[in-house]
Amino acid sequence: MAKKEDPGPSVKDHDTYEALRDKGYSKEKSARIANAQANPDMDPSEKGGKAPPYEEWTAKELYERAQELDVAGRSEMTKDELIEALRN
């Protein structure tokens, strides 16, 4: 069995780094993920996006989001119709 290559002192979690390399990840990506997991201030496995559900948005906020996404007919839509259009 080939000896594992030492990634150097810049990698903070060698076990995670090696597991990712074994899965086929690049050296750079493996190092980034391993370092993020070793950093207590980062939570790389947590989902992002803490936006409230569309039902809690105002009609104006929904309209502005629909405008950003170029939803056709948005100016004639009700709040419920905007929510449905944004979700589809």
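Helices (H or I, at least four residues) and strands (E, at least two) are DSSP runs, numbered from the N terminus. This is a predicted model in which local features need pLDDT of at least 70 and side-chain atom pairs count only at pLDDT 80 or more, while totals for chains, interfaces and linings use all residues. Residues are numbered from 1 along each chain as its sequence is written, and side-chain values use heavy atoms, with hydrogens and water left out.

**Figure 1. Overview of the protein.** The secondary structure comprises four helices and zero strands, and the order of elements from the N terminus is α-α-α-α. Of the 88 residues, 22% are buried; here buried means under 20% relative accessible area, exposed over 50%, and partly exposed in between (1.4 Å probe, protein chains only). The protein exposes about 7000 Å², of which carbon and sulfur atoms supply 48%; this area comes from the Shrake-Rupley method with a 1.4 Å probe. Contact means heavy atoms within 4.5 Å. Among contacts between residues at least 6 apart in sequence, 19% join residues at least 24 apart.

**Figure 2. Packing of helices H1 and H2.** Two packed helices are described by the angle between their axes and the distance between the axes. Helix H1 (residues 14-22) packs against H2 at an angle of about 145°, and the two axes are 8 Å apart. The axes are lines fitted to C-alpha atoms, for helices over the stretch in contact, with angles running from 0 to 180 degrees between N-to-C directions. From H1, the residues Thr16, Tyr17, Leu20 and Arg21 meet Lys27, Ser30, Ala31, Ile33, Ala34 and Gln37 of H2.

**Figure 3. The largest nonpolar core.** A nonpolar core is a set of buried Ala, Val, Leu, Ile, Met, Phe, Trp, Tyr and Cys residues joined through side-chain atoms within 4.5 Å. The largest one has eight residues: Tyr54, Trp57, Leu62, Ala66, Val71, Leu82, Ile83 and Leu86. Helix H3 (59-68) and helix H4 (79-87) each supply at least two residues of this core, and H4 gives the most, with three. When neighbours within four places in sequence are left aside, Val71 is in contact with Ala66, Met77, Ala85 and Leu86.

Figure 4. A salt bridge is a side-chain nitrogen of Lys or Arg within 4 Å of a carboxyl oxygen of Asp or Glu, and the structure holds four of them. In one, Glu28 pairs with Arg32, the closest N and O atoms being 2.4 Å apart. The two residues are separated by about one helical turn, because they stand four residues apart in helix H2 (residues 27-38). Glu28 is partly exposed at 49% relative accessible area, whereas Arg32 is exposed at 56%.

Figure 5. The side chains of Arg87 and Glu55 form a salt bridge with an N to O distance of 2.9 Å. Arg87 lies in helix H4 and Glu55 in the loop between H2 and H3, so this pair ties together parts that are 32 residues apart in sequence. Both partners are partly exposed, Arg87 with a relative accessible area of 48% and Glu55 with 45%.

**Figure 6. The salt bridge of Asp70 and Arg74.** The side chains of Asp70 and Arg74 meet in a salt bridge at 3.7 Å, N to O. Asp70 is exposed, with a relative accessible area of 60%, whereas Arg74 is buried, at 18%.
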